[in-house]
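I opened the notebook to check helices, charges and packing. My entries follow the model itself.

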Amino acid sequence: MNPDAIYGAFSEDGIMRVMIIVLIALGLALEELGMVAQRGAQVVKLDKKMTIMACIWGAFALVSVALGYCGGQWILTGDIGVREIFWIHVVAGVFLALVGINMLIHAFRPGAILEHRMESIDMKHDVILGLRFLLYGFLCGLSCGLLEFRFIVVGLTFFCLSMAFVVIGYLCGRSFGAEISQKAYAAGGGLLCILGIILQIGAI
C-alpha cells in the first residue's frame, strides 16, 4: 500500500504524519492524566514510586499500542485498492472516535471521588488501574497501523508522552485536586473525536 495514497502531498516530508501521531498520543496521554490525577489527589507525599509508575504506565502504552499496530498491519496484508483505502480511513477514524467518546462520557459523568488520604502511592492499585487503559492503547495503535505510520515513531511518541503525563497527573492531582481529571478527559476525548472526524473527511 502506497503511503502517498493516504495523505497525498503531506506524506512527502512526513510532517503531517508525525503531527497526527503526536496528537493521537497526546489524546491518549490526557486519558492517563485524568486517571492518575484522581490518585494523586489522595496522596500525601510523592516519592520515587511516581517515577516507577510512570515507567510501568509507559510500558503499558507501548505494549498495547504495539499489539494494535500489528493488528492494523495484519489487516493490510494483501492487495489494497482505492476502495479499500477509503474504508481504512473510515475504520481508523471510527476507532479514534470511539476512544474519544468514551473519554467524553467519563468527563461529563459525575463520579464518586474517594476522600481518604494515602501516605504514598499504592503501586498495586495503580498498576491494576493502568490495565483499564490497555484497550484504548490497542485501538489507537490499530488506527496507527492501518494508516501505516512508522512504528518507531509511534512507539517512542506514545511511550514518552505516557510517562510524562503520568508524572504530570500525579503532580496536578496532588496540587490542584481530582477535579482536573474531568478537564483532562474532556480535552483528550475532544481531540480524538476531532482527529476521527478529520480522517473521515480525508476518506471522502
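I took helices (H or I, at least four residues) and strands (E, at least two) as DSSP runs, numbered from the N terminus. The model is predicted: I asked for pLDDT of at least 70 for local features and 80 or more for side-chain atom pairs, while totals for chains, interfaces and linings use all residues. Residues count from 1 along each chain as its sequence is written, and side-chain values use heavy atoms, with hydrogens and water left out.

**Overall fold.** I counted eight helices and zero strands in the chain. Along the sequence I read α-α-α-α-α-α-α-α. I called a residue buried under 20% relative accessible area, exposed over 50% and partly exposed in between (1.4 Å probe, protein chains only). Of the 204 residues in the chain, 48% are buried. I set contact at heavy atoms within 4.5 Å. Among contacts between residues at least 6 apart in sequence, 94% join residues at least 24 apart.

**Salt bridges.** My criterion was a side-chain nitrogen of Lys or Arg within 4 Å of a carboxyl oxygen of Asp or Glu. I searched the whole structure and found one salt bridge. Asp126 and Arg39 form a salt bridge through their side chains, at 2.5 Å, N to O. Asp126 sits in helix H5 (residues 123-131) and Arg39 in helix H2, 87 residues apart. I looked up accessibility next. Asp126 has 1% relative accessibility, so it counts as buried. Arg39 has 7%, so it counts as buried too.

**Glu32.** I found Glu32 in helix H2 (residues 15-40). Leaving aside neighbours within four places in sequence, Glu32 contacts Trp57, Phe133, Ser162 and Val166.

**H2 against H6.** I fitted axes as lines to C-alpha atoms, for helices over the stretch in contact, with angles from 0 to 180 degrees between N-to-C directions. H2 and helix H6 (residues 134-146) pack at about 175°, axes 11 Å apart. H2 is therefore roughly antiparallel to H6 (over 145 degrees). From H2, Ile24, Leu28 and Glu31 meet Tyr136, Gly137, Cys140 and Cys144 of H6.

**Glu148.** I located Glu148 in the loop between H6 and helix H7 (151-176). Its phi is near 55°, a positive value in a residue other than glycine.

Key:
Parallel < 35°, antiparallel > 145°, perpendicular 65-115°, else oblique.
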